[in-house]
Amino acid sequence: MLADNKLKRFHQLIDDFSYEELIWINGYLAGLAVNSNPLIGVKPNGSENKSASTKKISLVYGTETGNSKRVALQFAGIARKQGLNVKVTALDQYKLDDLKNENYLFIVISTQGDGEPPPQAKLFYDHLHQLSLPLPNLNYSVLALGDSSYPQFCKTGEDVDSRLDAMGSKRILPLQKCDVDYDQDAQQWFEQVLKFFQQQTGYDVETIPKVETTHQPRTKKFYEGNIKTNINLNDRGSNKQTYHIEIDGNGVVEYEAGDALGIIPLNKKILVDFIISLTGCDGNQIIETQRVEATIEQLLTRHLNICYLNAAVVKKYAIITGHQIPDNRYDLVDLVHEYPLRDASQITEVLNILSPIAPRLYSISSSPMAHGPEVVHLTVSRHSFRVKEEQRYGLCSGFLGELPVGTPIHFYIRRNRSFKLPLLDKDVIMIGPGTGIAPFRAFLAEREATGATGRNWLFFGDQHFTTDFLYQVEFQNLHSTGVLNKLSLAFSRDQADKIYVQHRILEQATELFQWMKGGGHVYICGTKYPNGKDIENAILQVIEQEGHLSQEEAKNHLKQMEQENRYMKDVY
Amino acid sequence: MKNEKLSSVERIKMDSDGLRGTLKESLNDEITGALQPDDQSLIKLHGMYQQDDRDRREERSNKKLEWLYSYMVRLRLPGGFLTPEQWIGLRHIAGEHSTGTIKITTRQTIQLHGILKSHLKPVLKSFNTMHLDSIAACGDVNRNVICSAHPMQSAIHEEVFRYAEKISLMTLPKTRAYYEIWLDEEPLIDKKEDDPLYQDRYLPRKFKIAIAIPPNNDIDVFTNDIGLIAIIENNQLLGFNIAVGGGLGTTHGNENTYPRLGTIIGFVDTEEKTLKAIYEIISIQRDLGDRSDRKLARLKYTLDRIGIETFKKELASRCGFSLEHAKPYHFTERKDYYGWTQNHIGKWYYTVFVENGLVRDTERVSIKSAFLDIAQTGKANFRFTGNQNVILSEIAEEDKPAIEKILVHHGLIDHTNTSSAMRKNAMACVAFNTCPLAMAEAQRYLPSLISKIEPILEKYRLQPEEITIRMTCCPNGSARHYAAEIGLIGTAYGQYNLYIGGDNLGERLNTIYKVNLNESQILETLDALFETYHTEKNNHETFGDFSNRKWIKTNS
Ligand code: SRM
Ligand SMILES: Cc1cc2nc3c(=O)[nH]c(=O)nc-3n(C[C@H](O)[C@H](O)[C@H](O)COP(=O)(O)OP(=O)(O)OC[C@H]3O[C@@H](n4cnc5c(N)ncnc54)[C@H](O)[C@@H]3O)c2cc1C
Ligand SMILES: Cc1cc2nc3c(=O)[nH]c(=O)nc-3n(C[C@H](O)[C@H](O)[C@H](O)COP(=O)(O)O)c2cc1C
Ligand code: SF4
């Protein structure tokens with residue numbers, strides 16, 4: 001980009017400079033470049049960029065369920081041992097305008113929701129995409145955690161990676177995507193990071209050693225099980241259906257209490273048949289989409305999401321079929337009914353705009369140590385809601401609830417390494433309203449099986465004592481045998497004013513705080529809204545009140561516990 | 001007698017600190033709907049039973065839920081009387097906290113079923129505001145005192161009726177536990193709760209007292225531990241004949257248990273003497289009753305063990321007077337006077353047929369709604385009979401049409417008139433789904449069985465006969481089946497033993513005739529019996545007397 005004459009002058013200038021000097025100049029110029037940008041007003045700090053050992057390396061993570069954090073912290077530990085000066089930051093703590101000062105930025109980030117960044121990393125993600133200035137002197141690489149079963153595999157990682165590239169930053173290692181069994185892929189990516197710094201003595205990005213580009217992520221293991229038991233735990237007269245489902249893994253299933261199980265639900269046959277007949281296409285016709293090749297009937301049943309299509313898909317459908325379709329979310333069957341295809345052949349296009357069926361996760365409510373390594377138990381609450389006066393059920397929870405005993409079922413394990421039991425002698429406080437009870441049923445069974453000496457305290461809540469006390473008899477037995485030291489219950493609708501677990505938490509503030517002070521581990525599981533937040537607030541209030549702390553101090557106290565893995569959430 | 005080994009219930013009573021036990025803790029235990037085992041025995045003396053819905057056991061267990069525990073509350077209602085205001089309150093409580101069905105028992109009181117543990121205190125508090133309680137309605141104490149139900153029958157009914165109240169008060173336990181546990185009353189600091197009658201042991205077993213006004217034995221006076229028979233001469237109450245040792249409960253396969261009718265041991269005149277005699281009969285049973293074997297603990301066994309004469313002597317020495325010779329009396333019937341009747345001062349009474357005492361609305365007849373409407377007029381009291389029926393009482397001439405209108409509107413008059421004689425003389429106990437001792441169905445089954453018996457009666461033109469048929473679903477006899485012309489006792493699901501030969505006045509027990517009959521066998525057997533009765537009976541010979549003469553006497 002330099003004009004010839006300028007380039008000439010430049011070469012004369014550096015003619016007799018040594019290799020080291022060149023590197024230094026490079027850094028210096030880079031600094032100047034940043035400095036000359038009106039948006040940024042910092043002096044280049046050349047001095048610190050002299051040797052590998054003093055290089056400023058930033059390792060940031062964006063996590064929802066803690067995997068990215070684990071990976072990041074683990075890597076930072078190793079890196080420091082190798083004399084690399086690594087600064088680890090969670091993305092919600094990351095100061096956005098530090099970006100421009102970074103030289104080396106490594107990002108470990110997961111994807112959540114429907115291809116969205118983890119809430120914790122949202123600010124960073126948005127900022128990155130709004131930022132207009134280039135980041136030419138930033139060297140980076142992204143490790144993306146994800147789940148290949150989701151339509152948008154590692155979307156967030158991809159976005160961050162390509163965005164930085166677009167901003168002129170230097171991708172020193174290609175994006176590494178990881179599926180839910182991410183350990184080895186992450187490990188390899190990091191070894192290459194280290195390799196890079198070992199070979200890389202100087203500061204000249206041009207001299208980056210060529211590392212072999214990273215491979216496709218290892219795909220996770222799928223299990224072929226059978227439904228062994230499927231019972232609705234709620235009694236007659238309840239507003240709810242909560243299914244206790246036991247799956248026979250037909251062999252050892254590798255999991256631990258606290259992990260979740262992933263399932264890709266099937267669409268209802270009647271719907272599929274209806275779509276096929278409405279569109280007049282041949283269900284047995286084989287079609288190839290980006291991901292699979294299968295008959296239309298199979299695609300609609302096993303692979304593609306036909307429920308509650310999002311706006312983007314609906315728009316594409318409108319274009320294909322040439323209809324005016326009001327912005328909204330529809331089921332495919334409604335679309336083909338109200339806005340028919342021009343002719344059957346259009347089905348191919350339509351199938352290609354549909355995204356795969358997203359997996360659903362369910363906390364496992366069994367423990368291999370207590371229930372045996374070949375079975376997995378789930379506690380599934382059927383989502384029910386009305387769509388224009390019509391009673392509808394959640395796709396997967398509805399699907400699971402109806403599975404008869406013996407049905408084969410395809411699933412995988414989503415590990416959650418942070419949501420694990422502590423040492424045997426530690427006290428455990430488990431707060432799990434509704435289906436949040438699932439992992440704690442597993443925990444308690446395991447505490448019993450392992451003869452843990454620490455005390456156990458369970459908070460459970462639901463609507464009615466007589467109909468909704470999930471696993472009542474099991475917990476009564478654990479209570480009478482002394483495994484479950486305390487069982488605090490909140491049944492919201494058994495009295496005039498609603499009572500929830502957070503009320504019980506506050507009632508028991510003093511004792512609860514003693515357990516916490518004594519090194520107790522606190523776990524929360526269940527739906528994020530409303531429960532998750534209210535429970536966390538209650539706990540903060542307990543710390544504040546019993547520890548005589550300010551709000552701020554209480555928050556820090558909880559953060560501290562979180563860092564010591566004594567406060568863990570698995571909320572969804 | 002010396003009780004070598006006390007039954008466990010005895011220990012529970014004595015260690016209970018005046019029936020308190022750990023009831024408060026049990027009530028606060030939020031992880032179960034049940035009570036601690038000992039408290040399950042104690043709560044009976046507070047008028048409640050822990051039960052569970054036996055229809056739901058298996059299903060609940062599959063759902064990993066404990067059994068559906070709930071509580072039955074039985075009111076203490078001497079003589080079985082409620083004001084209209086009390087009925088409205090009761091009806092409200094039943095709707096709010098129980099199954100909604102109001103059960104009229106064979107002892108003139110009310111039971112509510114299906115009350116959850118957490119609802120017990122609210123229920124008893126509401127009852128208390130209506131001046132109603134359930135103290136000593138169950139358990140090893142004197143139970144609800146019953147009394148001939150029909151005021152219209154005699155001018156001195158009111159006077160006799162008062163005795164039920166007085167006896168009930170005299171025999172109430174003295175402990176304040178009921179008020180502390182259920183009504184949150186402050187415990188007495190230095191609680192002095194001497195109970196000279198019950199002491200800390202209470203009675204060895206349940207104890208029952210009834211008062212009959214001849215000529216009607218509607219409350220089956222002889223099936224009670226103490227039966228008082230009012231002796232009336234030209235509309236003056238002279239006093240009472242006293243019968244002791246009645247009781248029906250037996251145990252399958254236990255030879256030592258048997259049903260027994262009370263034995264008349266004499267007559268007392270004044271109120272003071274009457275109460276004293278009752279008090280001391282109870283104290284004898286307290287001291288001499290069997291406390292090691294509950295199956296043999298009722299007064300009837302005590303009496304047969306020590307002998308009538310010894311018993312009379314003991315009573316005389318405890319009373320300081322001996323009973324006079326029994327006075328003549330005559331029972332001619334044992335029934336409710338269905339429909340409208342008027343008493344000596346012109347008040348009106350309507351006796352409603354309430355099948356098995358179940359007050360509820362069905363598609364055929366809406367008794368529950370009718371009673372509410374009637375109560376809301378404030379123009380009629382509610383009286384309960386020993387046959388599980390209701391007498392709308394003390395209705396003024398001018399209010400009669402209004403009440404009649406309501407009765408017609410809800411189909412009660414039609415129901416009472418058109419139900420067959422047998423149906424109206426039938427009783428069945430609660431049994432399933434709440435009674436833990438039930439072996440077969442009773443109140444849920446007898447109505448349909450009668451529907452199948454009616455055609456047989458018709459076949460032999462016996463429909464008008466007032467034959468008493470009573471069904472209980474274990475040998476305990478809650479519906480007094482031993483004192484019926486036809487008694488059916490459940491032995492297993494769908495199986496009954498058939499008893500015949502009892503009279504229809506409650507003065508002669510029936511005898512077992514056939515065992516383990518299923519429905520069709522019951523019907524075949526009755527068909528044969530009725531046919532013979534129809535062809536061979538003397539005129540005016542009741543079915544009970546006939547079958548006794550024909551099949552029982554000859555056998556023995
Ligand atoms: C409600 C009632 C039957 C009805 O349909 O009306 C009834 C219901 C029960 N009776 Fe009874 N008895 C009822 C009148 C009787 C009678 C008839 C009477 O007293 O006129 C008898 C026969 C007379 C007698 O006492 O001998 C009677 C003899 C029993 C017995 C046997 C007693 C014995 O001496 O062996 C038991 C079992 C026991 O006491 O151990 C019993 C026990 C029971 C229990 C409480 C079962 C239990 O012990 O757990 C039943 C509760 C069922 C339920 O869910 O309500 N019930 N029971 C009657 C309530 C009367 C009251 O208001 O207090
Ligand atoms: C880590 C983790 C652990 C979990 N553990 C458990 C567990 O142990 N037990 C458990 O029960 N769940 C658990 N979940 C939740 C579970 O994964 C599913 O999210 C839940 O079962 C709902 O999925 P679904 O397919 O039944 O409902 P979906 O079909 O996905 O619908 C979900 C919601 O979307 C809306 N919706 C869907 N379709 C329509 C429509 N046509 N019109 C309007 N609104 C619509 C409704 O509000 C509905 O409730 C967990 C989730 C996570 C992330
Ligand atoms: C509700 C939910 C939605 C998810 N959506 C996606 C997704 O769209 N794409 C993807 O690749 N992974 C998705 N995942 C998988 C996570 O990214 C994966 O579990 C990752 O290990 C989580 O890492 P973390 O614990 O650091 O958040 C989703 C997980 C959950 C619980
Ligand atoms: S007779 Fe037996 S079955 Fe019937 S209510 Fe009494 S105890 Fe229960």
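**Entry: strands in chain B.** I began with strand β7 (residues 209-212) of chain B, which runs parallel to β8(B) and is joined to it by 4 bridges. Strands here are DSSP runs (E, at least two residues), helices are H or I runs of at least four, and both are numbered from the N terminus. Two strands pair if DSSP finds at least two bridges between them. I looked up one bridge: I209(B) has I226(B) as its partner in β8(B).

Next I followed β8(B) to strand β9 (residues 236-244) of chain B. These two pair in the antiparallel sense, over 8 bridges. In β9(B), I242(B) is the bridge partner of L228(B). β8(B) and β9(B) form a hairpin with 2 residues between them. I noted N234(B) in that turn, with a positive phi of about 25°.

**Entry: ground rules.** I am reading a predicted model, where local features need pLDDT of at least 70 and side-chain atom pairs count only at pLDDT 80 or more, while totals for chains, interfaces and linings use all residues. Residues are numbered from 1 along each chain as written, chains are lettered from A and ligands numbered from 1 in written order, and side-chain values use heavy atoms, without hydrogens and water.

**Entry: ligand 2.** I found 22 residues around ligand 2, where near means a heavy atom within 4 Å. Among the closest are R360(A) and H383(A). Which element gives the most to this shell? It is β12(A), with 4 residues.

I then checked polar contacts to the ligand (pairs of N or O atoms within 3.5 Å). A backbone N or O atom of L361(A) is 2.6 Å from an oxygen atom of ligand 2. For a polar side-chain atom of Y362(A), the distance to an oxygen atom of the ligand is 2.9 Å. C396(A) brings a backbone N or O atom to 2.7 Å from a ligand oxygen.

**Entry: ligand 3.** I counted 20 residues around ligand 3, with T63(A) and S68(A) among the nearest. A nitrogen atom of this ligand lies 2.8 Å from a backbone N or O atom of G113(A). An oxygen atom of ligand 3 is 2.7 Å from a polar backbone atom of C154(A). The protein buries 89% of the 640 Å² that ligand 3 exposes when taken alone.

How values were computed. Polar contact = N/O pair within 3.5 Å; in protein donor to acceptor, adjacent residues only side chain to side chain. Areas by Shrake-Rupley, 256 points an atom, 1.4 Å probe, with all protein chains shown as cover.
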